[in-house]
Amino acid sequence: MTIQNALIFIKQGMNDSRLRLELNTAAGRDEIGRVLEKKALIFSPHEFEQAFSQKLVQCQEIEEADRLRDFRMWWVLLSREG
């Protein structure tokens, strides 16, 4: 598990609607984990938060930061389902 995996996930997740759909239709946390494992994107909640913070300080536009915050909220809600 690495912060780098979480950074890659954030970038892919924000731009890849198929990945989001696959995660949205997963039946619980175990299946979400399998989807991420299949894509070699394993990370802990703490690593996700560190990656999110790192990406947030790099935002140069308010809209970019808002989009990133929206993605975080989606992920937090999705990953707590189960």
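**A note before the views.** Partly exposed describes a residue whose relative accessible area lies between the buried class, under 20%, and the exposed class, over 50%. E22, at 25% relative accessibility, therefore counts as partly exposed. Please keep in mind that every panel shows a predicted model.

**View 1. K38 and E22 meet in a salt bridge.** Here the closest N and O atoms of the two residues are 3.1 Å apart. K38 belongs to helix α3 and E22 to helix α2 (residues 17-24), so this contact ties together parts that are 16 residues apart in sequence. How accessible are the two partners, K38 and E22? K38 has 61% relative accessibility and counts as exposed, while E22, with 25%, is partly exposed.

**View 2. E49 pairs with R72 in a salt bridge.** The closest N and O atoms in this pair are 3.0 Å apart. Which helices does the pair link? E49 sits in helix α4 and R72 in helix α5, and the two residues are 23 apart, which makes this a link between distant parts of the chain. E49 is partly exposed, with a relative accessible area of 28%. R72 is also in the partly exposed class, at 27% relative accessibility.

View 3. D66 has 36% relative accessibility and counts as partly exposed. R69 is partly exposed too, with a relative accessible area of 41%.

**View 4. E22, K38 and K39 make one network.** Salt bridges that share partners join these residues. Across the whole structure, the search finds four salt bridges.

**View 5. The largest pocket holds about 360 Å³ of space.** Its lining is made up of 18 residues, and those closest to the pocket centre are F43, S44, P45, W75 and S79. Which elements give two or more residues to this lining? They are α3 (29-38), α4 (45-58) and α5 (62-80). Sorted by class, the lining of the largest pocket contains nine nonpolar, four polar and five charged residues.

Terms used:
Residues are numbered from 1 along each chain as its sequence is written. This is a predicted model: local features need pLDDT of at least 70, side-chain atom pairs count only at pLDDT 80 or more; totals for chains, interfaces and linings use all residues. Side-chain values use heavy atoms; hydrogens and water are left out. On a 1 Å grid over the protein atoms alone, a cavity is a set of points where a 1.4 Å probe fits but cannot get out, and a pocket is an open set with protein on both sides within 12 Å along at least five of seven lines; lining residues have an atom within 4 Å of a point. Grid points are joined across faces, edges and corners, and a volume is the space filled by probe spheres set on the points. Helices (H or I, at least four residues) and strands (E, at least two) are DSSP runs, numbered from the N terminus. Ala, Val, Leu, Ile, Met, Phe, Trp, Tyr, Cys and Pro count as nonpolar, Asp, Glu, Lys and Arg as charged, and the others, Gly among them, as polar. A salt bridge is a side-chain nitrogen of Lys or Arg within 4 Å of a carboxyl oxygen of Asp or Glu. Buried means under 20% relative accessible area, exposed over 50%, partly exposed in between (1.4 Å probe, protein chains only).
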